[in-house]
Amino acid sequence: EEFTQALKLAEALGVDLLALGGDLVNFPSKPLVAHMCQQLRSLRVPYLFTSGNHDWHLERTFSWERSYDDQRLPTEKGLLWQLYEGSGQGLSEKDFSDPRFGYAVLPGGLLVVCIDNSNFQVDHEQLAFLRRMLRRGQMMVLVMHIPLHFGGEPRWGPSDLMGHPQWGFDGDSSWEVEKRPRWPRTNGVLNSTLELTELVESAAFSGLLLAMLTGHTHEGAVAEIPCPRGSLAGCRTGAKQFTTR
């Protein structure tokens, strides 16, 4: 019901784009995804979709699973694929052919980029994709499911933020409840994850990145994206990371 109301509100407001940042479903099923796709096909404004961890994790462990995120890509390329196929409908320039990243350009020239970090990490290909998008030199909004750890978020821990220093085996308090393998014991936060955070800070400092849209925490918050390390004291980018419920 909330999903349907959100679509109606987007149409009533005549938004340029509806950003669906993940966790649309829990325990994803074919009938539920088909119902959402049916509603989105009739939507009179364009939308984009990037996955949340609850969209692809079934809260059960299969015999073939070895890693906490083994369900992600098979589900995104299977059950959820129609949501990616419909992303950017009605826009002349868009590409959502890989569920790990995609983009759309709005009529006014604003570049909207999605990076799937629903497994608390980004890989080197995702990092390279964001660099390519920034080389376009267009004003950008970045959509990710999990907020980035910039420091200064004392209320949020490793299960709330990507890049949190305590993320890893010892910081995983939800693996039994969520019925999945535990976060890795070694090589916790990938270098590519940390590099993406630094790239976001640099993009905000340059003025190209206007804002980030995130979710995941079920709690609203607004945080300023900080300047890169080594910047002058008092530096402010003016760009914000918006986290919505």
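A: Two strands pair if DSSP finds at least two bridges between them. Before we look, note that this is a predicted model, where local features need pLDDT of at least 70, side-chain atom pairs count only at pLDDT 80 or more, and totals for chains, interfaces and linings use all residues. Residues are numbered from 1 along each chain as its sequence is written, and side-chain values use heavy atoms, with hydrogens and water left out.

Q: How many residues lie between β4 and β5 in their hairpin, and which residue in the turn has a positive phi?
A: The hairpin of β4 and β5 has 5 residues between its strands, and glycine 109 in the turn has a positive phi of about 100°. These two strands pair in the antiparallel sense over 5 bridges. To see one place where they face each other, find tyrosine 103, which stands opposite valine 113 in β5.

Q: What does β4 form with β3?
A: Another hairpin, with 2 residues between β3 and β4. Strand β3 (residues 94-98) runs antiparallel to β4, and 3 bridges join them. Lysine 94, for example, has alanine 104 in β4 as its bridge partner.

Q: Are the residues of β4 buried or exposed?
A: Here is the idea first: a residue is buried under 20% relative accessible area, exposed over 50% and partly exposed in between, using a 1.4 Å probe and protein chains only. In β4, 5 of its 5 residues are buried. Phe101, Tyr103 and Val105 point one way from the strand, while Gly102 and Ala104 point the other way.

Q: Which residues touch the most other members of the largest nonpolar core?
A: In soluble globular proteins, nonpolar side chains tend to be buried together. A nonpolar core is a set of buried Ala, Val, Leu, Ile, Met, Phe, Trp, Tyr and Cys residues joined through side-chain atoms within 4.5 Å. The largest one here has 32 residues, and Val113, Ile115, Leu130, Leu196 and Val200 touch the most other members. At least two residues of this core come from each of β4 (101-105), β5 (111-115), α6 (124-135), β6 (140-143), α8 (191-206) and β7 (209-214). A second, separate core has 18 residues, including Leu20, Cys37, Leu43 and Val45.

Q: What is leucine 196 in contact with?
A: Contact means heavy atoms within 4.5 Å. If we leave aside neighbours within four places in sequence, leucine 196 is in contact with Ile115, Val122, Leu127, Leu130, Met144, Leu148 and Met162.

Q: Which cysteines form a disulfide?
A: A disulfide is a pair of cysteine sulfur atoms within 2.5 Å. The structure holds 1 disulfide, formed by cysteine 227 and cysteine 235, with their sulfur atoms 2.0 Å apart. The torsion about their S-S bond is about -80°, so this disulfide is left-handed. Cysteine 227 counts as buried at 12% relative accessibility, whereas cysteine 235 counts as partly exposed at 26%. Cysteine 37 is in no disulfide, and the nearest cysteine sulfur, that of cysteine 114, is 15 Å away.

Q: Why is the pair of phenylalanine 101 and phenylalanine 129 stacked?
A: A pair of aromatic rings is described by the distance of the centres and the angle of the planes. Rings of Phe, Tyr and Trp (its six-membered ring) pair if their centres lie within 6.5 Å; planes under 30 degrees apart count as stacked, over 60 as edge-to-face and the rest as tilted. By this rule the count comes to 8 aromatic pairs. Tyrosine 68 and tryptophan 167 form an edge-to-face pair, 5.6 Å centre to centre with 65° between the planes. Phenylalanine 101 and phenylalanine 129 have ring centres 4.5 Å apart and planes at 15°, so their pair is stacked. This pair links distant parts of the chain, since phenylalanine 101 is in strand β4 and phenylalanine 129 in helix α6, 28 residues apart.

Key: Helix = DSSP H or I, 4+ residues; strand = E, 2+ residues; numbered from the N terminus.
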